[in-house]
Amino acid sequence: MNAKLIRNEYADKLTLADKLARDIASKLDAAIKARGKATLAVSGGGTPKQMFAVLCEQEIDWSKVTITLVDERWVDTDSDRSNARLVAEHLLHHEAHTARFVPLFDREHKDDVDAALGAVGKRIDDLGRPLDVVILGMGPDGHTASFFPGGDHLAEALDPNGTKAVVSMRAGGAGEPRITLTLPRVLDAGKLYLHIEGDDKKALLAKAEAGEDLPIRAVLAQDRTPVHVFWAP
Ligand SMILES: O=C(O)[C@H](O)[C@@H](O)[C@H](O)[C@H](O)COP(=O)(O)O
């Protein structure tokens, strides 16, 4: 069982950022025209910044767009590890300043991610299903979202029949505790993107496609949702 992979490869990161941002904006725009609103879940890390800079300038009705995260490091929003901070600093600007942001972090439970799961899961449920656009990244260890190798809740996160929107994750490679959308929620996407850059990540993806046991493989070994891979060296 393999996902349909639609590969989009570009000569450089700037071109990729431009093409990906425009593709995402047009999908959001179509959702707004069809339903009056749109939902977008973005990943954190370093890769998305350039694309966010283009995306936030796209002229769509951002006041109808709700943005959330695929995963979050369990740190307060003033931390430079915070994906909420990344979105605030790089995406909620220009045209996109009117978008609504729904965080995965919950300050009330800042010392205990597990205590926050109920409330945060409800926030995500309230966004409705499917999410119109979900953007994944991939780490050098083959994690995507916060599906880390050896993660304490990896099996629960990857359960294709799981019903929870979010689970917590602790893993050696994760730094602080994390919260992540589960695989079924990631796959419940109007359009699912995998945004990766560099030869190393391309080679790693090829290994996962060939069957290597890496968490990203869960996104590849399914035939429910096509995966739009955007890559540049
Ligand atoms: O918050 C996070 O860490 C992410 O959502 C994570 O899944 C990310 O997409 C990859 O780790 C890639 O990160 P880079 O873009 O920094 O390589």
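Biologist: Which residue in E8 is the bridge partner of Val167?

Modeller: In this predicted model, where local features need pLDDT of at least 70, side-chain atom pairs count only at pLDDT 80 or more, and totals for chains, interfaces and linings use all residues, the partner of Val167 in E8 is Thr180. Residues are numbered from 1 along each chain as its sequence is written, and helices (H or I, at least four residues) and strands (E, at least two) are DSSP runs numbered from the N terminus.

Biologist: What makes E7 and E8 a pair?

Modeller: Two strands pair if DSSP finds at least two bridges between them, and E7 and E8 have four bridges in the antiparallel sense, so they meet the definition.

Biologist: Why is one side of E7 left without a neighbour in the sheet?

Modeller: Three strands form an open, antiparallel sheet in the order E4-E8-E7. Strand E4 (71-73) and E7 stand at its edges with a single partner strand each, and therefore one side of each has no neighbour in the sheet. From one strand to the next, the twist averages 20°.

Biologist: Which elements do the buried residues of H4 pack against?

Modeller: The buried residues of H4 are Val113, Ala116, Val120, Gly121 and Ile124, and they pack against strand E3 (65-69), strand E7 (166-169), strand E8 (178-181) and helix H6 (183-187).

Biologist: How do you know that the span of H4 is close to the expected one?

Modeller: The expected span is 1.5 Å times one less than the number of residues. Helix H4 (residues 113-125) has 13 residues and reaches 18 Å from its first C-alpha to its last, close to the expected 18 Å.

Biologist: Where is the kink in H4 centred?

Modeller: The kink, of about 30°, is centred on Ala119, the bend at a residue being the angle between axes fitted to the seven residues ending there and the seven starting there.

Biologist: Why is the chain called as compact as a globular protein of its length?

Modeller: The chain's secondary structure comes to eight helices and 10 strands. Its radius of gyration is 16 Å, close to the 17 Å that the globule rule gives for 233 residues, so the chain is as compact as a globular protein of that length. That radius is taken over C-alpha atoms, and the rule is 2.2 Å times the number of residues to the power 0.38.

Definitions and conventions:
A residue is buried if 20 or more other C-beta atoms lie within 10 Å of its own, exposed if 12 or fewer, and partly exposed in between; C-beta atoms are placed from the backbone. Two residues are in contact if their C-beta atoms, placed from the backbone, lie within 7 Å. Axes are lines fitted to C-alpha atoms, for helices over the stretch in contact, and angles run from 0 to 180 degrees between N-to-C directions.
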